[in-house]
Amino acid sequence: MYDFNLAPDTPKAERYDYLLQCASALVDGEPDGVANMANLASLIWQLVPDLNWAGFYRSVEDELVLGPFVGKPACIRIPFGRGVCGAAASQAATQLVPDVHAFEGHIACDAASRSELVVPVIREGKVIAVIDLDSPEPNRFDSEDADGIERLAALAASCI
Ligand code: SME
């Protein structure tokens with residue numbers, strides 16, 4: 001049984017250190033990428049507060065295809081360059097969006113989403129997936145969240 005938990009007032013730096021520690025333990029020795037994505041999505045959901053969606057899209061040819069996630073059912077295919085996820089994939093760069101309504105081309109999968117963080121997972125110079133976090137709170141994510149999820153993406157690059 002796994003029981004990952006943090007006090008609500010845990011500072012972000014400590015929160016992401018713990019997330020990385022738990023993530024490394026969860027994927028250790030497991031070669032199945034789908035299983036690892038599923039557990040990593042669940043771990044984000046458990047340890048990062050105020051989210052309404054957390055999960056993966058995988059690069060398949062020139063589009064992103066929905067992967068393991070926690071949250072409401074979401075759009076399945078996103079062409080590179082479309083929406084926040086497609087921007088992260090085509091630019092190979094983290095997208096920190098304080099107000100999704102102000103992001104041209106944002107794809108609304110859950111009407112409750114107000115802010116979003118998308119981080120590319122890069123292996124051997126190629127974007128193999130993105131990690132997408134949505135929040136119902138405007139301006140929910142900052143550079144500490146981006147750094148933390150980028151560290152998780154570096155781990156994911158070796159195990160998904
Ligand atoms: N909002 C994303 C689509 C994926 S959902 O948020 C789960 C986008 O604009 O790419």
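1. Strands here are DSSP runs of E with at least two residues, while helices are runs of H or I with at least four, and both are numbered from the N terminus.

2. Before going on, keep in mind that this model is predicted, so local features need pLDDT of at least 70 and side-chain atom pairs count only at pLDDT 80 or more, while totals for chains, interfaces and linings use all residues. Residues are numbered from 1 along each chain as its sequence is written, and side-chain values use heavy atoms, with hydrogens and water left out.

3. Six strands make up an open sheet, in the order E3-E2-E1-E6-E5-E4, with antiparallel pairing. Two strands count as paired if DSSP finds at least two bridges between them. At the edges sit E3 (77-79) and E4 (95-97), each pairing on one side only. On average, neighbouring strands are turned by 20° against each other, direction ignored. Angles like this run from 0 to 180 degrees between N-to-C directions, and the axes are lines fitted to C-alpha atoms, for helices over the stretch in contact.

4. Have a look at the partners of E1 (residues 53-60). Six bridges join E1 to E6 (residues 126-135), and Gly55 has Asp132 in E6 as its bridge partner. Seven bridges join E1 to E2, where Ala54 stands opposite Val70.

5. E2 also pairs with E3, over three antiparallel bridges. One of the pairs to find is Glu63 with Pro79 in E3. These two strands form a hairpin as well, with five residues between them.

6. Which strands does helix H2 touch? Helix H2 (residues 33-47) packs on the sheet against E1, E2 (63-71) and E6, and its direction makes about 150° with that of E1. Helix H3 (residues 83-91) touches E1, E2, E3, E4, E5 (115-123) and E6, at about 30° to the direction of E5. Contact here means heavy atoms within 4.5 Å.

7. Finally, the ligand. A polar backbone atom of Ile107 is 2.7 Å from a ligand nitrogen.

Conventions. A polar contact is a pair of N or O atoms within 3.5 Å; within protein, one must be able to donate a hydrogen and the other to accept it, and residues adjacent in sequence count only if both atoms are side-chain atoms.
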